[in-house]
Amino acid sequence: MSPFSGLTLGVVVTYLSLIVALPLAALVWQSTKSGDTGFWQSLTSPEAVSALKLTLLASLAVALVNAIAGTVIAWVLVRDEFPGKGVVNALIDLPFALPTIVAGLTMLALYGPRSPLGIDVAYTRTAIVLALLFVTLPFVVRTVQPVLQELDRELEEAAESLGASDWQTFWHIVFPNLLPGILSGVALAFAKAVGEFGSVVIITGNIPFKTEVSSVYIFGQIESGNTSGAAAASVVLLAISFGVLLLIGAFRRWATRHHA
Amino acid sequence: MGIHVEGVTKRFGSFTALNEVSLDVQQGSLTALLGPSGSGKSTLLRVIAGLERPDAGRVTISGEDATGVAPRKRGVGFVFQHYAAFKHMTVRGNIAFGLKIRKRPRAEVRARVDELLALVQLQPFADRYPSQLSGGQRQRMALARALAVEPKVLLLDEPFGALDTRVRGELREWLHRLHDEVRVTTVFVTHDQEEAMALADQIAVLHDGRIEQVGSPRDLYDQPQTPFVMSFVGAAAQLGERWVRQHDLDLRLEPTAGALEARVERIARLGFEARVELQLAGSGTVWAQMTCAELNRLELERGDTVWVLADRARVFAESS
């Protein structure tokens with residue numbers, strides 16, 4: 001223990017309490033205002049369950065697609081040289097800078113009824129996935145990129161001299177080193193997708209049982225004055241997300257078990 | 001047989017790392033590529049391994065043209081200065097890697113890995129991860145990993161460069177015994193002339209992308225063909241056109257025919273050996289090496305005038 005660890009620990013606890021723990025506690029408290037039955041009803045309403053399922057499945061799918069696409073993009077950005085690489089690299093972060101509602105509008109213009117590309121996926125589940133892919137793109141790219149930059153090229157040369165093909169070298173040597181980074185990115189992308197509102201609210205049409213995700217459902221509940229119902233749905237969403245994040249975290253610890 | 005390098009040139013942009021280098025390495029020998037940093041020694045080793053593609057020239061390994069052959073098909077074992085340990089695999093996993101890639105039967109892999117663990121004396125560490133090993137242990141693991149696939153040629157790039165002096169000495173002795181035991185054609189890169197002299201049967205001295213001289217440690221020391229080899233393999237002093245080993249400088253207290261007059265600037269006693277720094281009457285300074293016993297006999301003091309005889313000095317042909 002360093003002499004500062006007591007102080008830093010105190011600062012961290014206070015900070016996390018103010019920024020994370022208190023708001024979450026307030027949310028849980030809000031969700032119980034309508035009593036046990038009210039809480040339970042808000043949770044088990046078929047519309048809420050349907051929205052929750054859709055949210056989790058879409059988020060998982062998006063996180064997985066990004067795991068692969070993000071890794072490939074990071075690979076190209078680190079290992080390949082091409083004109084305009086700097087611009088492409090800067091482009092990756094733009095989905096973060098764009099207000100998500102603008103992202104939703106842009107998506108609708110591109111892939112909606114009046115799509116210049118002839119692709120109309122508006123008001124479908126495909127549209128949700130597309131919108132979520134857009135807003136979660138940077139995570140895996142940005143968590144894998146530094147790992148790949150730091151990765152000792154001699155590892156690959158050693159594998160090669162030992163007889164490994166390019167694919168075998170990637171699978172046995174490079175991938176295990178990238179995995180912790182990929183998992184961090186996946187966790188972030190999943191969390192962001194679960195809570196995403198702005199980009200999906202426009203393009204989905206919010207059709208209950210079809211394209212309505214939890215965040216939009218919760219917003220609807222607030223609009224109609226059922227704040228404790230909204231809070232209850234949020235709490236469940238958070239609890240499940242927390243579980244998934246813990247799972248990814250455990251997997252990540254397993255992937256870094258060799259670190260002394 | 002062995003390794004045959006012929007007219008290899010390698011450029012990185014405008015920098016010529018290797019300039020028409022040719023070298024023969026005998027089957028079963030232990031050869032050192034010796035030179036200062038930037039001399040091209042590592043590049044030459046990497047060209048032999050196939051990790052660099054030469055711009056010109058040929059590499060033949062065990063009689064087969066390997067110039068265009070991928071590293072994984074060359075049958076070479078490569079050991080890196082910084083170990084290149086697969087840190088997500090145990091010691092056992094690291095050593096087994098090449099065998100697993102070759103899809104050898106599980107029992108065979110296990111037996112071979114056990115054999116190698118014994119050879120590099122790492123049995124107690126078989127299930128540890130590289131991060132739990134010392135530098136010397138990691139390098140022995142890397143050696144076992146390279147030997148596991150029974151390479152035709154073992155290539156080591158500054159294998160002891162990252163280790164402290166004591167471990168370096170131990171590992172050097174150990175590599176020598178290992179080579180006696182395994183007899184695989186071995187080439188190692190070093191910038192340390194003592195390491196090259198202590199280990200190698202044959203040394204190739206590289207300088208500015210060229211091989212200056214190839215020979216046994218004794219040849220290089222006794223018959224250097226260029227001033228660079230003379231001063232890099234052992235030390236040498238320059239007296240005008242002449243080059244001489246410091247221990248061949250003969251100090252006289254009386255004026256002597258053919259000797260240079262000099263003044264003693266500084267005396268350093270290093271235990272067995274002593275160094276006497278001399279200001280030459282013409283110009284320049286040199287230091288003479290002798291035993292402390294000899295220094296005592298001469299009874300030299302700082303400021304004394306001596307006459308320096310350099311009978312065994314060499315004169316090299318122009319522009320080498």
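**Sheet, interface and domains of chain B**

In this predicted model, chain B holds an open sheet of five strands in the order 13-17-14-15-16, with antiparallel pairing.

User: Why are strand 14 and strand 15 of chain B said to pair?

Analyst: Pairing asks for at least two bridges between the strands. Strand 14 (residues 260-269) and strand 15 (residues 273-280) of chain B have seven bridges, in the antiparallel sense, so they count as a pair. Within this pairing, Arg263(B) is opposite Gln279(B) in strand 15.

User: How many residues of chain B are in contact with chain A, and what makes a contact?

Analyst: A contact needs C-beta atoms, placed from the backbone, within 7 Å. On that basis 22 residues of chain B touch 18 residues of chain A. Strand 6 (76-79) and helix 2 (91-101) of chain B are the elements giving two or more residues to this side. By class, the side of chain B that touches chain A has twelve nonpolar, six polar and four charged residues.

User: Which domains does the assignment give for chain B, and how far apart do their centres lie?

Analyst: The domain assignment gives domain 1 (3-228) and domain 2 (235-315). Their C-alpha centres lie 40 Å apart.

Note on methods
Residues are numbered from 1 along each chain as its sequence is written. Chains are lettered from A and ligands numbered from 1 in the order in which they are written. This is a predicted model: local features need pLDDT of at least 70, side-chain atom pairs count only at pLDDT 80 or more; totals for chains, interfaces and linings use all residues. Helices (H or I, at least four residues) and strands (E, at least two) are DSSP runs, numbered from the N terminus. Two residues are in contact if their C-beta atoms, placed from the backbone, lie within 7 Å. Ala, Val, Leu, Ile, Met, Phe, Trp, Tyr, Cys and Pro count as nonpolar, Asp, Glu, Lys and Arg as charged, and the others, Gly among them, as polar. Domain bounds come from an automatic or database domain assignment.
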